[in-house]
Every structure is written in C-alpha cells, then in structure tokens.
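Please open the structure in a viewer and keep the sequence at hand.

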Amino acid sequence: MSIDERLASLKAVLSGQMELLRLCLKVVNDGSIEYQGERANCSLSEPKIKTATLVAMAAGQSVNTVMKVAEWRGIPVRDLYPVARCALESFINAAYLISEEDAVAEKAIRYVAFAAYRQHNRRVGSGKFSLDISTQPKATAEEEARFSEFKGKNSWTSLDAASRMNKVGQLAGDKAGSRLLAGYALLYSISSEIIHGSPFGVNYFFQAHLPASSAGDVEAFREATARHLDDILVALIHGLAGYLSAFFTLQGMELLKRAEQSLFNTYLVLEGVDPQV
C-alpha cells in the first residue's frame, strides 16, 4: 500500500469517528436521539455539559482542520503537530471531565472565570525584562474570595495528563483509557519538542522519516512529511476513539459503543492487528 493510499484509509476511519462525535454533541444538545432504530438518551449533568462538551467540540474542530489540509506535503506539515496536540489534549480533558464527579467540572467552570481575570492581570518575563499586565490596580475583595482556591499554581485539576488518563481508564473502562494513552504516547512528547522550537524538534521533523541516502532529495523529503501525517492521523484516531469509548460507555449507549469499536477495528486491520470485541 502506498503512503497516499494508507493516508486515505486513515482519513476514512477518522471521518467515521467524526460522525460519531457529531452524534455525541447532538445527543447532548437534544437530550435524546434515535440511532439505528433505538433511542439514545443523554444523562450528562449540566456542569459536564458546560465543560466537557465544549472541549470535545473544540477538539473535533482541530481534527477537521488536520483532515482539511491532509494533502499538504513539505515544510507546512510541521505546523500540524500543534493542532493535533490541541485535539489530543482536548479529548483527554473531555473524557476526564465526563468520567469524574460533578465537582471536577464545577471547579473547571470556576477556573474559567479565574483564568479570564488572570489573563489581564499577570506578570510576565524575568528580572530586568519583566512587566506587569493589569486592567485594574488589584483584585477586588470579591474576586480575592472567589479565586482563593487557585492561588499559586493551582489549575482546574491537580492531576497531570497521565493521571487524568488513568482516571478515565478506571471510570470509563480499559478501552477508553488505553486509546487515550496510545494517542498521548504517539504525539505528546514529540509535539512538545516541535511546538517549543527545540533543536531536536526541528531535526526530528526534517530527518525522522528521511533516509540518510536521500538527503537533499526534494521528492524524498515530501514523502517523508507524508509519514509525519501518518503519525499525526494515527494519534488522532486513538485520541478520538478514547473519548468516544468513554462517552458511549458512561452513557450506556451500546449500539453507538459497538459502532465505535467497529471503526477502531477497521484501523486495527489496517495495522495488521486482530479486531477487538
């Protein structure tokens, strides 16, 4: 199979997953949908709807962006790593939010207000080259009280990404947790190097999939960047599969859960792996 044929197959799997994500969003919005003759009902609480659903929708938009430009070859492909990383982390967060107790989503809602305040009232830089950004002299007493739980480096959750995925696995099942973990392992570390412009990140993009014997060969480089797209699409398939598995499992939507598994099995067959049940 050529790299272009393989990419087309990966995109087909992602397209099917995106349709399932659309159904996730629709059932949350409508409260109930019909799927293959059966009724699926949403039981997500309001705090989870306000947080996880918005995050999942944003993640889906990032997947759409990658798919829209998946015909790119050459240097521009490097810019897809941060977009894919955004999608992957968003799926992890959305899966974690729907898996945990309402208190986690409620804290996330409060953090949104704090982060909005901090965005306009903060110090950046170091030493001589630092500055204060502020829209008001200091926080009001009411703001101090509201934001006290986030003083220091506290965020909307105290768990790092690995711990969040572990929680998803515990609460929503092994398939959800392991698929998120696979996407994380495939993309997280190297995307950090690329996003932050490290020397290794730059060298990795230009050399990882390019044989030493092909150095200076423009067409070989273009094909090598297609291999980067392969890596990105595979990571996104796992990340999206993890979220979908978590959502359908926690909501008890068996038909949709089987549809998600069927799509993931299509990917596994592509990799020469036996389908799961």
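A charge sits over a ring if NZ of Lys or CZ of Arg is within 6 Å of the ring centre and within 35 degrees of the ring normal. The model to which this rule is applied is predicted: local features need pLDDT of at least 70, side-chain atom pairs count only at pLDDT 80 or more, and totals for chains, interfaces and linings use all residues. Residues are numbered from 1 along each chain as its sequence is written, and side-chain values use heavy atoms, with hydrogens and water left out.

**Stop 1: charges over rings**

Select R85 and Y188. The charged end of R85 sits over the ring of Y188, 3.8 Å from the centre of that ring. Next, select R179 and F264. Here R179 lies over the face of F264, at 4.1 Å from the ring centre.

**Stop 2**

Helices (H or I, at least four residues) and strands (E, at least two) are DSSP runs, numbered from the N terminus.

Is R85 buried or exposed? Buried means under 20% relative accessible area, exposed over 50%, and partly exposed in between (1.4 Å probe, protein chains only). R85 has a relative accessible area of 10% and is therefore buried, whereas E89, with 24%, is partly exposed.

**Stop 3: further salt bridges**

The structure holds 14 salt bridges. Select E271 and R6, whose closest N and O atoms are 2.8 Å apart in their salt bridge. E271 lies in the segment after α10 (254-270) and R6 in helix α1 (residues 3-30), so this pair ties together parts that are 265 residues apart in sequence. E271 is partly exposed at 33% relative accessibility, while R6 is buried at 14%.

Now move to E219 and R222, a salt bridge in which the closest N and O atoms are 4.0 Å apart. Both residues belong to helix α9 (residues 218-250) and are 3 residues apart, about one turn of the helix. E219 counts as exposed, at 55% relative accessibility; R222 counts as partly exposed, at 35%. To see a network, select R6, D230 and E271, which are joined by salt bridges that share partners.

**Stop 4: aromatic pairs**

A pair of aromatic rings is described by the distance of the centres and the angle of the planes. Rings of Phe, Tyr and Trp (its six-membered ring) pair if their centres lie within 6.5 Å; planes under 30 degrees apart count as stacked, over 60 as edge-to-face and the rest as tilted. By this rule the count comes to 15 aromatic pairs.

Select Y96 and W156, a tilted pair with 6.0 Å from centre to centre and 55° between the planes. The pair links distant parts of the chain, 60 residues apart: Y96 is in helix α3 (residues 80-99), and W156 is in the loop between α5 (141-147) and α6 (161-172). Y96 is buried, with a relative accessible area of 3%, and W156 also counts as buried, at 15%.

Select F114 and F147 next. Their rings form an edge-to-face pair, 5.4 Å centre to centre and with 65° between the planes. F114 lies in helix α4 (residues 102-119) and F147 in helix α5, so the pair ties together parts that are 33 residues apart in sequence. F114 is buried at 10% relative accessible area, and F147 is buried at 7%.

**Stop 5: the cysteines**

How many disulfides does a search of the whole structure find? A disulfide is a pair of cysteine sulfur atoms within 2.5 Å, and the search finds 0. Select C24 and C42: the sulfur of C24 is 9.4 Å from that of C42, its closest cysteine sulfur, which is too far for a bond. C86 is in no disulfide either, since its nearest cysteine sulfur, that of C24, is 18 Å away. C24 is buried at 1% relative accessibility, whereas C86 is partly exposed at 39%.

**Stop 6: T53**

Finally, select T53 in helix α2 (residues 46-68). T53 is buried, with a relative accessible area of 13%. Contact means heavy atoms within 4.5 Å; leaving aside its neighbours within four places in sequence, T53 is in contact with L25, V28, L44 and K48.

Methods. Salt bridge = Lys/Arg side-chain N within 4 Å of Asp/Glu carboxyl O.
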